[in-house]
Amino acid sequence: MEEQTTKLTFKDFKSDQEVRWCPGCGDHAVLNSVQRAMAELGRDKEDFAQVSGIGCSSRFPYYMDTFGFHGIHGRAAAIASGVKVANPGLSVWEITGDGDALAIGGNHFIHLIRRNIDINLLLFNNEIYGLTKGQYSPTSKKGTTTKTSPFGTIETPFHPGELVIGAQGKFFARTMDNNIKLSTEVFVEAAKHDGTSVVEILQNCVIFNDRVYAEINDKEVREERQIVLRHGEAMIFGKERDKGLILDGLKLKVVKIGENGITEKDILVHKENENNPGLHMMLVNMRWPNYPVAFGVIRSVNAPTYDMAMEAQIAKIQAESSIKNIDDLLHSGNTWEV
Amino acid sequence: MNNKKEVVELEEVVIRFSGDSGDGMQLTGTLFSTTSALVGNDFSTFPDYPSEIRAPQGTVGGVSGFQVHFGHTKIFTPGDFSDVLVAMNPAALKANKKWMKPGSIVILDRDSFDEKGISKAGYTGDPIKEEKLDKFNIIRAPISTLTKEAVKDMGLDVKTVLRSKNMFALGMVYWLYNRPLNHTEEFIQTKFKKKPAIIEANIRVLKAGYNYGDTIEAMTPSYTVSPAKIEKGTYRNINGNQATAWGLLAAAEKSGLNLFVGSYPITPATVILEELAARKDLGVKSFQAEDEIAGICTTIGASFSGLLGVTSTSGPGLALKSEAIGLAVMAELPIVIVNVQRGGPSTGLPTKTEQADLMQALYGRNGESPVVVMAASTPSNCFDYAFQAAKIALEYMTPVILLTDGFIANGSQPWRVPSMKDYPRIKTRIVAAGADNYKPYARDVETLARNWATPGMKGMEHRVGGLEKDFLKGSVSHDPVNHQKMVDIREEKVERVVQQIPDLEVSGEKEGDLLVIGWGGTFGHLHSAVQEMQDEGKKVSLAHFHHIKPLPGNVKDVMKKFKKIIVCELNMGQFANYLRMKQQEFTYAQFNKVQGLPFTVAELKNEFNNLLED
């Protein structure tokens, strides 16, 4: 990675545009975290390109003083793929929401992950359509009442982490919009990972889905209902750090340290780089009240990236081929003289 | 092995090879064309095949045909009617009987004309009697039997053996037209390099077919077609899709940019993606996308990053790309969209030709969304028009839609290989590194093209996207007057492309009784029909369009010198209606056909003669 020519701070990444999200929207905090992460990454500003789709969060690139492309609904993954493959030297970020990425853009989402193109995908999940003023999304919990589901939804939601791992994803992390410290840390990790890095940001829509994550994020319950995973550390949580996760047969189980003979040694240690997705799948699928919700980098496995494989293939074929320009091409194969 | 009694000299010949879609008729036709080119004939080909890869054997729906028209004069079309029909089964005869010249030669595989074959094709008795072909020169050759006989000592299985029976038919036709076998033998040797038994079998069968012709020479005299008088140079055989791909590559070279292609396979455009994917040696980044939309969106992303972005598709795919084309219009990024038109609507006739996507190309988007629309007209000039399309896109910072069609995309002809030194440099709008105060929507005063800065360029950070932009700064603007201004300037920019494009040419006299107008892939048939009528002393000329939006600057001057105008297209009159809108003072007659087939010269002449007599 190239070094910054001058040391940048998060303020250098603010554009001259007025930020127009609703007061109290979780997006403000995420913007702040991304700006901090980019400054921390130590790269020059011109190396960053952000691509978004359509939705509230997709206005994001306008508020960042980097290269930005505000695309069309659902297609940010495809546009970002083109940007990155064309110029693999860039740090490419996709900004998308639960409707943009998982409904209209679901196809591009899974194929981006399958190809493992080195893009950092920030998925703002507020479980609602905000920009169209409050309809249910593919991540809305079953039974959610919205303007288009006045009697409650009858469909099962996607869990983004499950979808990512199902599409052979190599990096998945989760953070909470108002946790700027964790978000910044996770965004930096996502950027450093080579390949598609998906970060699910649980984000509160103050107007149409307020307090959607209150049950796990209110100050007084947060530590009991969230677990922040860190590579190499035991999976311990709780205000008193007295709870942990163990494997009970083929399932995760929450245990109390000091009860029933359980000691810290019995608690699972997080291994983000485990290629076998079994445990990662269980961790991304933990939901309150049966489990705490997992945050931090849950999965980070190294694998070849599409963009680098393409560069390598081109270099190899160029070295082998006798066709160096168009004139060579036109005279290749079967020709005859008149 | 030549021992002929009678050899007749001919000007031009049309041969149609036809059989089951697994019979290898496309290859047989291609090999015959290549040999004809190598002995100095000009030619034009027309592959005509079903959309099923292996349709039910022996049925009319499964017949695959390949027509080649060769001669010692310049050849503009694959020909209306055949002088020789090769029918590998009764269904092939049934499917093609209406395209045979009266009294022409028909070569049949007698072995396939058994009870089963006859009934599968829908005949009740002897097809020759049913079709009243007694005045035709019918050669009933036991092709399957003699193919087996030729290789019986080789110990090959029957399936493998019968797969080479197309070579028997080809050998017979080579005898008939006095063609050498060596080019085809060389081809077989290269293609089956690793399978010596297959090489030997194919060559044995090819020779057996030739010798069979020689042995039963009583059947017919043999013919020769002497070399055409064509310009000196290096030639190669090229089809429209290959020429399109190569023209785009040429534009990448002349602009100093790498080429990115984002496409999804679709008949009949897939070969463009295949050709480009094969050109990693020229630095092509090819991306087989998950769908048509991702195809164009990756292309737009690559263009934002500073590559020459292209996407190739056919009608249904163009429909899927509509929204993204609008995005490229708004972001003013240079991309080329190649639409190889096929029969529509919906899935329509995937393997057949049509020109019914013109209005979709011009107007098939939300909002006022102007793009440059142009069309190639022959297999080989796809190279030049693809080059032009990319040049205009890059110099005007606009999406360009290049229309070709299944007929010219699959059709092939000999092509005098050009030299890249004869092609102009393409000057992109990429701004100089280190330039101060970059404004993404600042424009060139002549072309109105905006400046292009790409991610990675220091100090040029900016945002583009689908929301309306401020006239100067490029930031989001919902200002009503600004929107009007931006709509106006996007339209004006596309109209200014007229400065770049050549005047409309007239083939024939500049004034007369009838001006025939066409566009795109119908050129060959229109040109042949008009030329034949001119030879008959009629005052008919042709004006063939390659540029549709904008139209060439001299259209009015051309049209006003003719008493009547007729617009001929393979659709219901889309270009005629466009002209009615753009050039309102003229009256346009129409000749339209939507059968998934090209025009025939005969039907065109008939129509023009009727109009002249009115």
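The model is predicted. Chain A has 11 helices and 12 strands, and its radius of gyration of 22 Å is close to the 20 Å that the globule rule gives for 338 residues, so chain A is as compact as a globular protein of that length. Along the principal axes, the C-alpha atoms of chain A fill a box of roughly 90 × 50 × 45 Å. Of the 338 residues of this chain, 48% count as buried, and among the contacts in chain A with a separation of 6 or more, 67% are made by residues 24 or more positions apart.

Chain A also meets chain B, in a contact that takes 51 residues from chain A and 58 residues from chain B. On the side of chain A, the elements that give two or more residues include the strands β1 (48-52) and β2 (67-70) and the helices α2 (76-86) and α4 (106-115). The largest share of this side, 8 residues, comes from α2(A). By class, the side of chain A that touches chain B divides into 23 nonpolar, 20 polar and 8 charged residues.

Two packed helices are described by the angle between their axes and the distance between the axes.

| Helix pair | Angle | Distance between axes |
|---|---|---|
| α8 (182-191) and α9 (196-215) of chain B | about 160° | 9 Å |
| α7 (165-176) and α9 of chain B | about 40° | 7 Å |

Since angles over 145 degrees count as roughly antiparallel, α8(B) and α9(B) are therefore roughly antiparallel to each other, and their crossing is right-handed. In this pair, T184(B), E185(B), I188(B) and Q189(B) of α8(B) meet I199(B), N202(B), I203(B) and L206(B) of α9(B), and the residues of the contact divide into 4 nonpolar, 3 polar and 1 charged. The helices α7(B) and α9(B), by contrast, are oblique to each other, and their crossing is right-handed. The residues that meet there include F168(B) and W175(B) from α7(B), and N202(B) and L206(B) from α9(B); by class, this contact has 13 nonpolar, 4 polar and 3 charged residues.

Some details of the backbone deserve a careful look. Most residues other than glycine have a negative phi, and most peptide bonds are trans. The peptide bond from G344(B) to P345(B), however, is cis, with omega near 0°, and P345(B) lies in the loop between β13 (335-341) and α14 (358-363) of chain B. A cis peptide bond also joins K549(B) and P550(B), with omega about -5°, and P550(B) lies in the loop between β21 (547-549) and α19 (555-559) of chain B. Q168(A), although not a glycine, has a positive phi of about 70°; this residue is in the loop between α5 (160-166) and β5 (171-176) of chain A and, with 15 C-beta neighbours inside 10 Å, counts as partly exposed.

The loop between β16 and β17 of chain B holds N437(B), which has a positive phi of about 55° although it is not a glycine and is exposed, with 6 other C-beta atoms within 10 Å. Y423(B) also has its place in the loop between β16 (412-416) and β17 (463-465), but with 18 C-beta neighbours inside 10 Å Y423(B) counts as partly exposed. Leaving aside residues up to four places away in sequence, Y423(B) touches A250(B), K254(B) and F387(B).

Key
Residues are numbered from 1 along each chain as its sequence is written. Chains are lettered from A and ligands numbered from 1 in the order in which they are written. This is a predicted model: local features need pLDDT of at least 70, side-chain atom pairs count only at pLDDT 80 or more; totals for chains, interfaces and linings use all residues. Helices (H or I, at least four residues) and strands (E, at least two) are DSSP runs, numbered from the N terminus. The radius of gyration is taken over C-alpha atoms; the globule rule is 2.2 Å times the number of residues to the power 0.38. A residue is buried if 20 or more other C-beta atoms lie within 10 Å of its own, exposed if 12 or fewer, and partly exposed in between; C-beta atoms are placed from the backbone. Two residues are in contact if their C-beta atoms, placed from the backbone, lie within 7 Å. Axes are lines fitted to C-alpha atoms, for helices over the stretch in contact, and angles run from 0 to 180 degrees between N-to-C directions. Angles under 35 degrees count as roughly parallel, over 145 as roughly antiparallel, 65 to 115 as roughly perpendicular and the rest as oblique. A crossing is left-handed if the near helix is turned anticlockwise from the far one by less than a right angle, and right-handed if clockwise. Ala, Val, Leu, Ile, Met, Phe, Trp, Tyr, Cys and Pro count as nonpolar, Asp, Glu, Lys and Arg as charged, and the others, Gly among them, as polar.
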